[in-house]
Amino acid sequence: MSVGVAILGSTGSIGCSTLQVLARQQDRFRVTALTGHSNVALLERQAAEWRPAYVGIVNGGMRDAGCGMRTGIDCLIEAATRPDVNIVVNGVVGAAGLPATLAALSAGKRVALANKETLVMAGELVVRAARDGGGEIVPVDSEHSAVLQCITGRRPTEVARLILTASGGPFRTWAPERVAQATVEEALRHPTWKMGRKITVDSATLVNKALEVIEAHFLFGLAYESVEVVVHPQSVVHAFVEFVDGSVLAQVGFPNMELPILYALTHPERVPDSGTRRFDPVAVGALTFEPIRPEIYAAYALGRAAAAAGGTTPTAFNAANEVAVELFLAGKIRFGRIARTIERVLQSYRPTGASTLEAVLAADGEARRLAREAACS
Ligand code: NAD
Ligand code: MG
């Protein structure tokens, strides 16, 4: 009896890596549903290769989707809640992934969550949907997978502190004035990870790490004071976990998402995998750790402040960032304007409680409106 897997965002970086993993694990898993956003050609190729029972495309564009493909935004929820699906890999980027996460958890599925924006935007709702619906959230994000691998089998009260690592992105050693003027091409040149465009920009601003601090808080139930970040340019140590007795465990490996994806599918078990490059400490060489330089990562402190403020402030932080990154990638604002836009949104935004979907969606919409205003004025 193989386990049915739905991949939301199968045409993206996480989606394609998930299919690479599944190609080596066909005796354990079968692909039952795939969804894409607008890359019909790639989705068609994936569908022809994997023959899933369900294929959906959010924005089929002018082409006839054909081959029994469903179109429209509802395909995410349809794919995520099918009876033949046991695990939903959510590899969608941004807030668009939220409804499918909530629906899958409410339907009792395991959600292998790469789509961290979902937890930042609506952490309280997502955690509640899992509890009430019997679903389970398992992180795909490498740092959170590392934490999960270190704490599995331990009681929550034994964990004292997490230290997530950050590569620092391409501007780690740059002067602040130069960072503010960085081009799209420069921001997309990530030193250690090959990923989608939005998360690559988030790694350059360090917004990604602020999102990950909030993600860790909701996944592991730790206070924000107990989630720290250190810059580690080699991206070999993915996270440290300190236990109450002072002992520290870390999970290490070459930077590659296939291992965290596989672990999210098999947790708490481990299965043999021929595809991962064997770890070699000599090939890795020296590992270094540095504090965060606040002068080049202004958005990181904004994200931490939003986290501490709670309610819908993290929702607004995420929405403002999504809008600002989109404008930056479209060549409409400078790199330095991303943090500035987030800052201005958080200055004027009035937070509310974040315990209903209506409140979260209203906050998301309002922050997007404020961000468009702030970015372009
Ligand atoms: P990506 O841009 O390569 O792919 C995202 C996919 O999401 C697209 O291919 C598309 O199929 C889908 N999509 C985009 N907009 C959509 C919309 N409005 N509605 C429905 N589907 C939509 O991005 P990625 O790098 O694969 O990242 C996906 C998620 O995983 C992000 O939340 C990111 O932060 C997280 N993540 C990625 C990596 C990585 O290595 N790529 C690592 C950790 C976490
Ligand atoms: Mg990460």
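**Entry 1: salt bridges.** I began with charged pairs and counted 24 salt bridges in the structure. The model is a predicted one, so I treat each value as computed. The side chains of R24 and D273 form a salt bridge, with 2.7 Å from N to O. R24 sits in the loop between α1 (13-23) and β2 (29-36), while D273 sits in the loop between α11 and α12, so the bridge links parts 249 residues apart in sequence.

**Entry 2: a cis peptide.** A cis peptide bond joins H267 and P268, and its omega is about 5 degrees. P268 belongs to the loop between α11 (258-266) and α12 (281-284).

**Entry 3: a positive phi.** Next I checked backbone angles. L206 is not a glycine, yet its phi is positive, near 75 degrees. I found L206 in the loop between α9 (197-205) and α10 (207-220). For context, most residues other than glycine have a negative phi, and most peptide bonds are trans.

**Entry 4: domains.** I then looked up the domain assignment. It gives domain 1 (3-139), domain 2 (142-255 + 278-295) and domain 3 (310-377).

**Entry 5: where domain 1 meets domain 3.** How many residues of each domain are in contact? I found 11 residues of domain 1 in contact with 12 residues of domain 3. The two domains bury about 850 Å² between them, and 64% of that is on carbon and sulfur atoms. On the domain 1 side, V120, M121 and L125 supply 54% of the area buried against domain 3, more than any other three residues.

Polar contacts do turn up: I counted three residue pairs, both residues at pLDDT 80 or more.

Which helices supply the domain 1 side? α4 (98-106) and α5 (117-133) each give at least two residues. α5 makes the largest share, with seven residues. By type, the domain 1 residues that touch domain 3 are seven nonpolar, one polar and three charged.

**Entry 6: ligand 1.** My last look-up was the ligand. Of the 22 residues around ligand 1, T11, S13, I14, E117 and G196 come nearest. I then went through backbone N or O atoms that lie by an oxygen atom of ligand 1. For S13 the distance is 2.8 Å. For H37 I noted 3.3 Å. For V93 the value is 3.5 Å.

Notes:
Residues are numbered from 1 along each chain as its sequence is written. Chains are lettered from A and ligands numbered from 1 in the order in which they are written. This is a predicted model: local features need pLDDT of at least 70, side-chain atom pairs count only at pLDDT 80 or more; totals for chains, interfaces and linings use all residues. Side-chain values use heavy atoms; hydrogens and water are left out. Domain bounds come from an automatic or database domain assignment. Contact means heavy atoms within 4.5 Å. Buried area is the accessible area (1.4 Å probe) that two parts lose on being put together, summed over both. A polar contact is a pair of N or O atoms within 3.5 Å; within protein, one must be able to donate a hydrogen and the other to accept it, and residues adjacent in sequence count only if both atoms are side-chain atoms. Helices (H or I, at least four residues) and strands (E, at least two) are DSSP runs, numbered from the N terminus. Ala, Val, Leu, Ile, Met, Phe, Trp, Tyr, Cys and Pro count as nonpolar, Asp, Glu, Lys and Arg as charged, and the others, Gly among them, as polar. A residue is near a molecule or strand if one of its heavy atoms lies within 4 Å of it. A salt bridge is a side-chain nitrogen of Lys or Arg within 4 Å of a carboxyl oxygen of Asp or Glu.
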